[in-house]
Structures are given as structure tokens and as C-alpha cells.
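Let's take a walk through a protein model together. Keep the structure open and follow along as we go.

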Amino acid sequence: MTERQILVAANWKMNGTLETIRPLLQSVIQGVQGTKSEVVICPSSVYISELATLLQQSEIKLGAQNVSQLEKGAYTGEVSALMLKDFGCGYVIVGHSERRALYAENDVMVAKKFMAVQKNGMTPILCVGELLEERESNCTEEVIARQLDVVIELAGIAAFENAVIAYEPVWAIGTGKTATPEQAEEVHEFIRLRLARHDNEVADIVRILYGGSVNAGNAEQLFEMANIDGGLIGGASLVAEDFLTICRAMR
Ligand code: PGA
């Protein structure tokens, strides 16, 4: 089995101002030195340029929270993959449940975003996850399979060699309700097996992050699970000490 490096990605969402993100970033840059995990920060797109400058001497990588599936043109308010690449983004979150729920992104659109990111040499972080009612009606696997299969079909299984998947049960996002490590592991294993149906090697190398109320107190237990390769962190990534504790949590 491949040794997969833990990846901890901060999703700052629509939070912060220059006044608050500068000291936050400063503390994270200093505190993260010497950690073995790979660390990525995804600020709001207006701060990407600022972070690109501030992260120049740091190991921390830059990411974005969303991207247009379209290349360029008359799409007011959109940000293209080429623009993100231009500012040195290495990762782009696609298909976050907030985008799916509040901005009507469907599986095909998410797959197109995934491909736009890769086409520009960046790594997509593909979010999948079920709603509470879906879990309660035992549809978790069906939902995750559908979300994954569309991307596999359109992008091809080989595309996952350079992709990250984030399992984010919607009922656990921003709610303080975390999936137990066992609950999360069960779905992570399912995701890996789903990929393995097409290609064992790809399934073995792809990193699968858990997201949904990861905090300083539960990260270590989650990251100990065999198929959990890190986390996508919302709320806790806005507090330097908490985020750093998560970055230091090891297998
Ligand atoms: P949360 O968000 O950590 O605040 O639950 C995670 C996410 O939405 O990526």
C-alpha cells in the first residue's frame, strides 16, 4: 500500500478581511514549520493575490474555493482556472456542498470544473457527501457513488491520479456534529473501492480527506483511520492554534 502524505486544507469560505487574515496567516506560516503534513489554504478569490505574495517563502500551498467550468469570455463575476493558475494556485475545491446546494451546481457541472482545474495543471479537491435525510434513508453510498461516477465517466479514472477527494457529510458541515471516525472510515473505504473497480493503483494513491466539523480535538482520531488522509477544514481553520493542532495531527 502507498504511504499517502496527510493533506490538511483550510477552506476559509467567505470570511475575513485583510486586517484579520494577515495575522492569521502569519501565525499559521510560523506554526506550521516542521510539520510533516502538506498544508493548503483556500481563501476567498479576492485574497488569492495577497496570499500568493505572503506565502512565497512558505511551504504552505495556495488553493481556491471554486472555479468556473468555462474557459473565458462574457461570464460576469466568474473566475477561470487560468486566472487561478496565474496566481500560483495549486489546488481548487470543486463541488463543495454549499456550491451544490446554494448555487445549483450539479454533478456534470462539478465534473467540468474538475476537468478545467486539471487542464490548467492544478489539482482538484472534489467534494462529495450526503444530506442528513439521505443518510437516514440509507442512501449514503448511492449518493456518493453517483457524485463520483459522473466525474469518473467524464474525466476518466486516470484523472484521479492527480486529484483529491473530500468526503463531507452535509449534516456535519459547520454544525459541530462530526461523523465518528468509524462512520467516516466506512464511507472513505467505499470511495476507494469505487475507484478500485476501475483502477486499483489509482484508488491506492488518491488522497481522501474528511471534512465536516474537524477540530483540534478530533483530528487525530480521524486521521488515524486507514482511509482518511487528512481533512478539509472550515470553521477551525480560522483560528490559528486550532488549525495548527490539526496540521500536526498524524497517523
Ligand atoms: P466545517 O466546514 O469544518 O466548518 O464543518 C468544512 C467544509 O465545509 O469544508
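How close do the axes of helix 1 and helix 11 come, and at what angle do they cross? The axes of helix 1 (residues 18-31) and helix 11 (residues 240-248) come within 9 Å and cross at roughly 30 degrees. Here, helices are DSSP runs of H or I with at least four residues, numbered from the N terminus, and axes are lines fitted to C-alpha atoms over the stretch in contact, with angles from 0 to 180 degrees between N-to-C directions. On the helix 1 side, Leu24, Ser27, Val28 and Gly31 meet Ala240, Phe243, Leu244 and Arg248 of helix 11; contact means heavy atoms within 4.5 Å.

By the way, this is a predicted model: local features need pLDDT of at least 70, side-chain atom pairs count only at pLDDT 80 or more, and totals for chains, interfaces and linings use all residues. Residues are numbered from 1 along each chain as its sequence is written, and side-chain values use heavy atoms, leaving out hydrogens and water.

Now hop over to Ala179, in the loop between strand 6 (164-167) and helix 8 (181-196); strands are DSSP runs of E with at least two residues. Is Ala179 buried or exposed? Ala179 is buried, at 3% relative accessible area, where buried means under 20% and exposed over 50%, with partly exposed in between (1.4 Å probe, protein chains only). Beyond neighbours within four places in sequence, Ala179 touches Pro169, Trp171, Ala172, Ala184, Tyr210 and Leu222. Val214 is 35 residues away along the chain, yet its C-alpha atom is 9.2 Å from that of Ala179.
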